[in-house]
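Hi,

Here is the structure we talked about. Please load it, then read the notes below.

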Amino acid sequence: MGRRSVAVGAVIAMTTALVACGSDDGPPTLTWYINPDDGGQAAIAARCTDEADGQYRVVTSLLPREASAQREQLARRLAAKDSSIDLMSLDPPFIPEFAEAGFLAEIPDDVAAAVTEDVVQGAIDGATWKDELVAIPFWANTQILWYRKSVAEAAGLDPENEPVTWDDVIDAARDQDKYIGAQGVRAEALTVWINALVESAGGQIIENPDEPVEDIRLGIESDAGRAAADIMSTIGREGLGGPGFSNQDEGLSMFQFQSDRGSFMVNWPFVWAATNAAVDEGNVDQEVLDDIGWALYPAMSSDQPARPPYGGINIGIGTHTDHLDEALAAVQCLVSPENQAFYFVNDGNPAAHTAAYEDPDVQATFPMADVIRDSLEAAAPRPQTPYYNEVSTGLQNTWHPPGSVRPESSPETATDLIVAVLRGERLL
Amino acid sequence: MTTTEQPVQTSPRGAGRARISDRARSERRLGWWLAGPAFAVMLLVTAYPIGQAVYESLFQYRLTDPDAREFNGLGNYAVILTDSVWWQAVGVTVFITVITVAIEAVLGFALALVMHRALTVLRPLLRTAILVPYAIITVVSAFAWLYAFGSGTGFINQWFGWLPGINEDLDWFGSFGTSVTVIIASEIWKTTPFISLLLLAGLAQVPEDLQEAAKVDGATWWQRLYKVTIPNMKAAIMVALLFRTLDAFRIFDNVFIMTQGAQGTEVVSFLAYRQTISRLEIGMGSAVSVLLFLCVVLISVTFIKLFKVNLASARGEG
């Protein structure tokens, strides 16, 4: 009896194995490693599978929620030559590191030309390393200034028509006894903020990102770096960022902005979709939604336009893929203007392709679509270097909590730490 | 009243070494046969990775740049040991370890006494109730504590607003003192059951006739505790402390989930994680891991030599 059940078990196991093998005979299956979203990437994968008409199938596989954790997982797998990574959604700051390590398959010129046509410049820059397009722009993100019209009016500001500066925002919050929304948490969001402040003041975190690691020069020990530190330290020290400022990420800033003491907030466009959803669910009053205005990111001074943060996702092709041709075909389908417009409406993530902004659905769902596109054209990417993780973590370790930042010393502390870490002389 | 301990059995080992009977020999062979496979598996899953870590710690090696890998000797160790970041992490780790183990030992002993003395009907229920926190995965409990204390999701500030120093706007993860308090409290909540279970086993070993004799002699409850109970379960106490100290020194989950090392709460394991996993600097990360391993070895050796912990005696084989 026992022996027979073992035999039956073996037969079942073999049949399952045969069935599993059988499915490999169909069209090649491309695995697309995606960052978590509201289901848009999975829907686009299904659309492209249909369009491919049997040439290939695209299935998605979920990466962790944090961008840094996504990088860790992909880098470990790619270093181990994982051929199951056909396509991957990449956060732009990590693209140079992946390109330099040879993790990204080469993109032929004709494909590169096709996927960059009518794409906002910021997104192309973010997908380029050493003058080669190494990933395909998919969606491009930027932060804009969200404000409560009532607070701005009481403070005598009109951000929609007259660009505001960080000093205006700080003065208004101080006078009105309100909280400013920004990301003071020790995470990638902090680097995003620091970079936008430094770039808006006319500086750069890394002056020569293309150089070998020993020669990299940091640009924060400058007037721009000190001005950025001054803004952060003022908001942190005076408690203008609210009680939990040093742990505030994008989501927490949004909740604070929706509360009674919300005033101005710099944040990504997802807050519009999220606040609308919260109103539908009855968690936020309609009056709050009606009170929300938007404008370009605050400038550092009135005579110099702001350089807002740039983010988003570009799609890379794994260098160890067994199906390069199919992956190249699939990626062009994934990033088509129609799919980008769909993704914009479905997930609230702005398109990299300018045509998507003309889409009537996009215009209806995102009344601020034009502001987003203008912001994308003005946006400055974070430092593009294969050592981005060291630079970003070094900044986060030395410029946190925001209240402890000092314009006269923090830029120097950060520079010393990052340079020493890059030379292998210190721990991080 | 003098300390009363169980008579120590004298081992006949010294005398028997010269001639081993056939039976002893075959027993020894059986012992190897039984323990051998486990020993081989241990070598494979622990000795090999440790060996590899030691080897890789001698290189400058970044996972994204394997071609630039070069032999560095003890360079990585020199960088680590001269860096204030390392010493700060060691300091924080020792601080958390000492505080948690001390509090847990007292609390765990109290819980063990309660379990030991509880009525037979209540005992299984009580034991299960006390064990619940230990059954929860550390990451999950860390999230529970994070959400309980976090600004935005937390209820602690509202519930305990009447206490001095706690108000609606208190950001628990905004400074070192409050962050580390939550981390330590979470550790204690989670692992006190472990220590109390080990101590309960020790309590069960204290011979009842010694207690009876002490009672007849007119010893009070405290006197019996200090002169009979604790001396007789010293081995169990030391083993419990050793296991918990080793565990506490490797703390990672709570720090990782709650602060990500912010506010100066970086611990040694987190430092190793950051070098190896985040920075992909395999060489430097391996060196940190090896140093962490050496710290753990040092703790074990100290306990075993200094406090004369006999692991076998804790199991009642003394």
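Leu199(B) sits in helix α8 of chain B, which spans residues 176–205. Keep in mind that this is a predicted model. Is Leu199(B) buried or exposed? Leu199(B) has 25 other C-beta atoms within 10 Å, and 20 or more make a residue buried, so Leu199(B) counts as buried.

Now to chain A. Five strands form an open sheet there, in the order β2-β1-β3-β11-β6. The pairing is mixed. In general, strands of a sheet pair through backbone hydrogen bonds, parallel or antiparallel.

The edges of the sheet in chain A are β2 (57–62) and β6 (136–142). Each has a single partner strand, so one side of each is left without a neighbour in the sheet. On average, neighbouring strands of this sheet are turned by 20° against each other, direction ignored.

Helix α2 of chain A, residues 40–52, packs on the sheet. The helix touches β1, β2 and β3 of chain A. Its direction makes about 165° with that of β2(A).

One pairing in detail: β1 (residues 29–34) and β3 (residues 87–90) of chain A run parallel and are joined by two bridges. Trp32(A) has Leu87(A) as its bridge partner in β3(A).

Best wishes

Note on methods
Residues numbered from 1 in each chain as written. Chains lettered and ligands numbered in written order. Predicted model: local features only at pLDDT ≥ 70, side-chain atom pairs only at ≥ 80, totals over all residues. Pairing = 2+ DSSP bridges. Helix = DSSP H or I, 4+ residues; strand = E, 2+ residues; numbered from the N terminus. Axes fitted to C-alpha atoms, helices over the stretch in contact; angles between N-to-C directions. Contact = placed C-beta atoms within 7 Å. Buried ≥ 20, exposed ≤ 12 C-beta atoms within 10 Å, placed from the backbone.
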